[in-house]
Amino acid sequence: MNSSPLLAARALSAGYGDFQALFSVDFDVFAGEVVALIGANGAGKSTMLKSFVGLVPIRAGTVTFDGRDISKMPAHALASQGLALVPEGRRLFRGMTVEDNLRVAADRARRLPAGVPAWTLERLYDLFPILGERRGQAVEKLSGGQQQMVAIGRALITQPKLLLCDEISLGLAPRVIGEIYAMLPVIQQSGTAILLVEQDVTLASRSSNRICCLLEGRIVLSGRSSEISREAIAKAYFGVGHEVG
Ligand SMILES: Nc1ncnc2c1ncn2[C@@H]1O[C@H](COP(=O)(O)OP(=O)(O)OP(=O)(O)O)[C@@H](O)[C@H]1O
């Protein structure tokens, strides 16, 4: 693993009005790894992702990406830096086809160095063949899982170094979740790091190299997914002193 992180948050605080959602968070993602961010409802997971991409303003601290301070960079400028968000709820362009949803995002893509293979429509259709079959259909005609595949494809076509995924399993059937999560190693092997916000702790743990747990806006546990016990995760998830069943 490289010694300098791809994404680094330092003493990051963020919130909404009078409410503080993140308290001096230190957090890293290194190139090529999959990190899962877990925590109970309201712990601050989405806020953290949104603060990375300029959708929630940072109150204190810094976020650097690929060595550059992005703390004040507007959301629309981040795709060209190599940071892409798959937002909770997908937020596709309704009324547009699968292919047009993908094409629109390509306009904001990062310029790739020579020799680095790009995520093209063809590669995305190889990753999710059903999208190729349905490329001409309006996205609202697709199932939830297929829409999630479009949302992931739309992020990938911006050629990210880091893909931020906000609860991509939410509301989907286990089989569909399995199909989508099966593609994460393929994306990782292509050289894209992934930060997953995931409610399902078992899935989060199985799908990641490292896991971090947020509790009430603070990181309370961080380590290699293969080395952290279920008990440690449960304690961190619910807070120290909470009975673990
Ligand atoms: N737009 C907002 N305005 C005010 N408070 C907000 C807003 N969005 C989130 N919050 C509050 O910030 C805190 C963190 O919310 P956040 O959505 O980041 O949590 P989360 O860990 O992603 O939870 P969930 O799994 O429920 O999405 C919560 O207390 C939430 O109520």
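Leucine 12 has valine 25, in strand 2, as its bridge partner. The two sit where strand 1 (residues 7-16) and strand 2 pair in the antiparallel sense over seven bridges. Here, strands pair if DSSP finds at least two bridges between them, and strands are DSSP runs of E with at least two residues, while helices are runs of H or I with at least four, numbered from the N terminus.

This is a predicted model, where local features need pLDDT of at least 70 and side-chain atom pairs count only at pLDDT 80 or more, while totals for chains, interfaces and linings use all residues. Residues are numbered from 1 along each chain as its sequence is written.

An open sheet of four strands has the order 2-1-4-5, with antiparallel pairing. Strand 2 (19-29) and strand 5 (68-69) stand at the edges with a single partner strand each, so one side of each lacks a neighbour in the sheet.

Now to another set of strands, with strand 7 (residues 162-166) as our guide. Which strands pair with it, and how?

| Pair | Sense | Bridges |
|---|---|---|
| Strand 6 (residues 83-86) and strand 7 | parallel | four bridges |
| Strand 7 and strand 8 (residues 193-197) | parallel | five bridges |

Leucine 85 has leucine 164 as its bridge partner in strand 7, and leucine 163 stands opposite isoleucine 194 in strand 8.

Is strand 7 buried or exposed? Five of its five residues are buried, so strand 7 is largely enclosed by the rest of the structure. Buried means that 20 or more other C-beta atoms, placed from the backbone, lie within 10 Å of the residue's own; exposed means 12 or fewer, and partly exposed is in between. Leu162, Leu164 and Asp166 point one way from strand 7, and Leu163 and Cys165 the other way.
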